[in-house]
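Biologist: Could you take one part of this model and go over it closely for me? After that, I'd like to hear how it sits with everything else.

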Amino acid sequence: MVSLSVNGKKVRLDVPSDASLLWVIRDHLKLKGTKYGCGIGECGACTVHVNGKATRACGMTVADVKGKKVVTIEGLPATHPVKQAWIKEQVVQCGYCQPGVIMQVASLISETRKPDPEQIIAQMDNVICRCGTHLRMKKGIRTAVRMTQRRPA
Amino acid sequence: MKVTRREFLKSSVAGGLSVAISATPFGYTIVNAAEKKPAAGFDPNVWVRITPDDRITITIGNSEMGQGVLTAQSMIIADELEADWKQIRIEQGEARDGFKSPILGGQITVGSGSLRGFYEPLRKAGAATRAMLVKAAADAWNVPEAECRAVLGSVIHAKSRRRFTYGQLATKAAKLPVPQNPVLKQESEFRYIGKPMPRVDVPQKVAGKAVYGLDVDLEDMHYSVLARPPAYGAKPASFDRAAAEQVAGVVKVVPLPMGIAVCARSFEAALKGREALNVSWSKGVVPDMDNAYIEREMLADLDRPGARVQDTGDARKALADASFSVEATYFVPFVAHATMEPMNCTARVTAERCDVWAPVQSQTASLGIASKISGLPADKVAIHTTFLGCGLGRRGKPDFVAEAVMISKAVGKPVKHVWTREEDIKYDSFRSAMSHRIQAGIDAGGQLTAWSHKAASVSILKGVRPEAIKNGVDAYCLWGLWDEPNSPHWNNRIQYEIPNLYIEFKMSDLPMPVAPWRSVQNACNAFAIESFMDELAHAAGKDPLEFRLQSLKNNLRARRVLETVAEKSGWGKPPARGEGRGIAQHACFGSWMAQVVELSVDRASGKIKVHRVVAAVDCGPVVNPGPLSEQVESAIVEALSTALMEEVRFANGGVASANFRDYPIIRMSEVPEIEVYAVKSTERMGGIGELGVPPLAPAVANALFNATGVRVRRIPLTPQRVLEALKKA
């Protein structure tokens with residue numbers, strides 16, 4: 001048995017400790033927003049937060065996140081500035097890679113007190129979007145940072 | 001089951017008014033669903049269903065892959081229906097004959113055909129429904145129809161200040177005959193068409209709740225993967241079935257014509273089972289095939305006899321008579337679709353019925369193949385289309401559906417069949433490579449007078465519609481250069497006015513499967529044509545824009561996009577220091593586009609940096625302006641990826657590329673600023689999903705020439721290739 005904390009809930013699962021965090025999230029916890037894109041950490045579609053930091057679930061086992069807090073796209077509040085900005089700027093096309101992108105941007109924004117959108121954009125070369133929504137992602141990042149700054153700390 | 005998309009027919013006749021379009025490849029009829037007879041080829045394709053609770057449900061048969069088809073098609077119906085957008089609910093329909101495209105003949109989301117094919121029928125469906133509601137109200141009030149007006153989901157009689165909502169009228173209206181030629185709105189009356197509308201698929205995608213094929217979940221669902229041959233034509237010599245079936249969780253090993261399937265209770269167990277199979281494979285049919293072999297063979301094809309495609313005037317004589325002639329050879333390599341969601345399909349085959357949940361672009365083909373394999377008649381087979389994690393044409397080929405149905409049938413369980421990323425790239429049906437040799441003649445006035453073009457490609461039609469190959473000519477391979485007369489795509493051919501034009505085609509004999517890849521071979525043909533036009537302009541001492549325009553005298557739509565892009569990009573003013581600027585135009589799927597690319601080159605590394613792309617498009621009337629520029633941007637980014645870095649690697653008779661580490665795709669810092677200008681046009685509506693791809697690669701190559709004086713006739717323009725060309729210059 002393995003214990004996990006996912007989206008604020010404690011769950012106990014009958015899976016081996018070397019089971020892939022990605023497939024456990026998707027197939028056992030039925031949280032399908034975290035996507036399989038490449039399985040080798042190249043594309044970012046499976047990005048989740050582990051203790052608040054963007055992490056690629058495909059490269060993690062359930063043992064790796066023992067005692068840590070995992071948050072998936074479903075656990076990021078609908079009111080989160082990145083989700084709001086992504087709707088406002090109509091960023092997604094097919095949308096398959098975007099939950100991972102949103103989780104990465106949310107993590108980068110939370111890292112500093114005064115996030116700089118251009119610095120965040122400079123850290124987005126490690127995700128792949130086949131639809132070519134890059135310009136919309138840039139817009140989304142700038143809008144999300146503006147929305148974050150407008151909120152009380 | 002988590003899939004929320006509705007069973008198509010179940011609720012469609014449950015009271016209220018349902019209006020449908022019944023389409024054939026030759027036209028369509030608007031029918032009242034209540035009166036619909038289940039005759040073959042006469043099924044409805046679009047349903048407007050109004051229920052007494054004032055809900056309006058629109059069911060869409062095309063696949064949503066981010067291009068915004070659910071929103072745009074619904075906007076067209078809602079506008080003519082004069083519905084309140086807030087009361088609209090949009091659903092994805094199943095596979096039905098009636099969803100077949102009036103221009104493409106099948107229920108298929110390809111050929112940039114979803115709006116240009118359905119614009120008129122959807123408008124009429126909405127307008128006919130509105131007319132029926134108005135008549136129902138007029139009858140109820142016993143007043144002339146002319147005194148009644150439909151406004152935002154209600155019919156109003158202003159004189160007596162009375163109002164019925166559509167919901168109140170639905171049951172009565174359902175009993176009325178359907179007008180076949182309802183009065184359509186004037187453009188000035190449009191409420192939604194042409195106005196920006198947020199896409200309805202966006203919020204659920206952002207929430208992580210959109211259901212793609214890979215997200216389908218069924219009770220007792222099993223998982224399967226296939227062990228596939230490492231080389232084309234290789235057969236399994238031996239494999240350890242017992243070892244695989246001993247792996248915990250593995251249920252069954254199923255040998256299939258295309259490989260050996262392992263079915264298990266979890267995806268990971270299926271992968272471990274596949275590993276345990278330890279297959280040894282025979283050699284492939286072309287065991288020494290690699291990239292050098294392919295390029296050599298396809299260039300040699302240009303010297304082998306081909307099929308005559310077009311012979312207008314006398315190109316040979318005109319070339320001999322020309323003031324001077326130019327010849328050049330081009331090569332475009334194989335590229336992969338590499339959609340972010342790998343191929344997958346979930347199938348549940350029982351003795352009674354077959355259900356398929358999958359991200360497919362072709363419901364008609366999927367239905368046919370699932371019916372054939374399951375042995376069940378089409379009415380016992382359901383294709384449930386999920387969201388598509390990108391399509392690019394790959395999902396028009398339902399090979400992954402066939403595999404899933406075979407495996408589910410063999411194990412008697414619902415099976416989710418998954419291609420890993422490695423399989424998705426290695427076993428893709430690629431965009432075919434192409435080689436081209438072109439000769440052109442220019443007269444003393446610098447006018448293009450003759451064009452002789454030989455092109456070679458692996459056949460696309462061979463794999464999808466072999467009966468459509470005529471005398472060795474594969475039209476799909478020639479799109480952008482030539483197309484059949486009466487083609488539904490009607491402008492997929494060279495746009496220039498050339499009095500003496502000869503085109504020849506050689507089908508390359510290579511073993512890899514190929515398929516349409518966003519714009520099909522328009523992109524490969526445009527690379528050759530538009531690079532060559534640039535070479536001719538320089539040879540004739542003319543400006544590349546001016547040289548193009550002088551062979552487009554009667555082609556107003558091509559002229560207009562070129563003139564627009566020139567104005568918006570500042571063509572004619574010298575580019576910034578160290579930068580180069582290139583232009584290209586192309587027409588396909590009923591629309592026209594021109595692009596200008598600005599770039600600089602690092603002479604030490606050979607690395608190209610594209611700074612800005614300006615695009616002008618004429619696609620006729622615009623339904624939803626947001627997705628119009630999204631589609632053009634998207635196509636430009638993808639095409640830039642192929643222009644700068646993408647090429648499938650082959651080795652030992654098979655595919656060597658396997659994942660994103662050895663199949664690079666463009667990243668954020670390499671994406672330029674893009675400006676998209678839509679020319680105001682009231683001409684026939686054209687498609688927009690693919691047109692952005694073809695002009696981009698030649699515009700980059702032309703800009704590279706402008707920046708460096710070096711002509712590279714082969715993509716991708718990798719730093720290494722550019723550096724070699726610079727050194728040779």
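Modeller: Let's start with chain A, which has five helices and five strands (DSSP runs numbered from the N terminus: H or I of at least four residues for helices, E of at least two for strands). Going along the sequence, their order is β-β-α-β-β-β-α-α-α-α. Keep in mind that this is a predicted model, where local features need pLDDT of at least 70 and side-chain atom pairs count only at pLDDT 80 or more, while totals for chains, interfaces and linings use all residues. As for labels, residues are numbered from 1 along each chain as its sequence is written, with chains lettered from A and ligands numbered from 1 in the order in which they are written.

The radius of gyration of chain A, at 15 Å, is close to the 15 Å from the globule rule for 153 residues, so chain A is as compact as a globular protein of that length (taken over C-alpha atoms; the rule is 2.2 Å times the number of residues to the power 0.38). The C-alpha trace of chain A spans about 45 × 35 × 20 Å along its principal axes. Of the 153 residues in chain A, 56% are buried (20 or more other C-beta atoms within 10 Å of the residue's own; 12 or fewer is exposed, in between is partly exposed, with C-beta atoms placed from the backbone). Take contacts in chain A between residues at least 6 apart in sequence: 62% of them link residues at least 24 apart (a contact is C-beta atoms, placed from the backbone, within 7 Å).

Now for a helix pair in there. Helix 2 (residues 81-88) and helix 5 (residues 134-150) of chain A pack at about 135 degrees, their axes 8 Å apart (lines fitted to C-alpha atoms over the stretch in contact, with angles from 0 to 180 degrees between N-to-C directions). Helix 2 and helix 5 of chain A are therefore oblique to each other (under 35 degrees is roughly parallel, over 145 roughly antiparallel, 65 to 115 roughly perpendicular, the rest oblique). Helix 2 of chain A brings residues including A:Trp86 and A:Lys88, and helix 5 of chain A brings, among them, A:Met147 and A:Thr148. By class, that contact has six nonpolar, four polar and one charged residues (nonpolar: Ala, Val, Leu, Ile, Met, Phe, Trp, Tyr, Cys and Pro; charged: Asp, Glu, Lys and Arg; polar: the others, Gly among them).

Chain B itself has 19 helices and 28 strands. The radius of gyration of chain B is 27 Å, close to the 27 Å of the globule rule for 729 residues, so chain B too is as compact as a globular protein of that length. The C-alpha trace of chain B spans about 85 × 70 × 45 Å along its principal axes, and 57% of its 729 residues are buried.

Chain B has a helix pair to look at as well: helix 9 (residues 363-374) and helix 10 (residues 399-411) have axes that come within 9 Å and cross at roughly 25 degrees. That makes helix 9 of chain B roughly parallel to helix 10 of chain B.

Technical notes. Contact = placed C-beta atoms within 7 Å.
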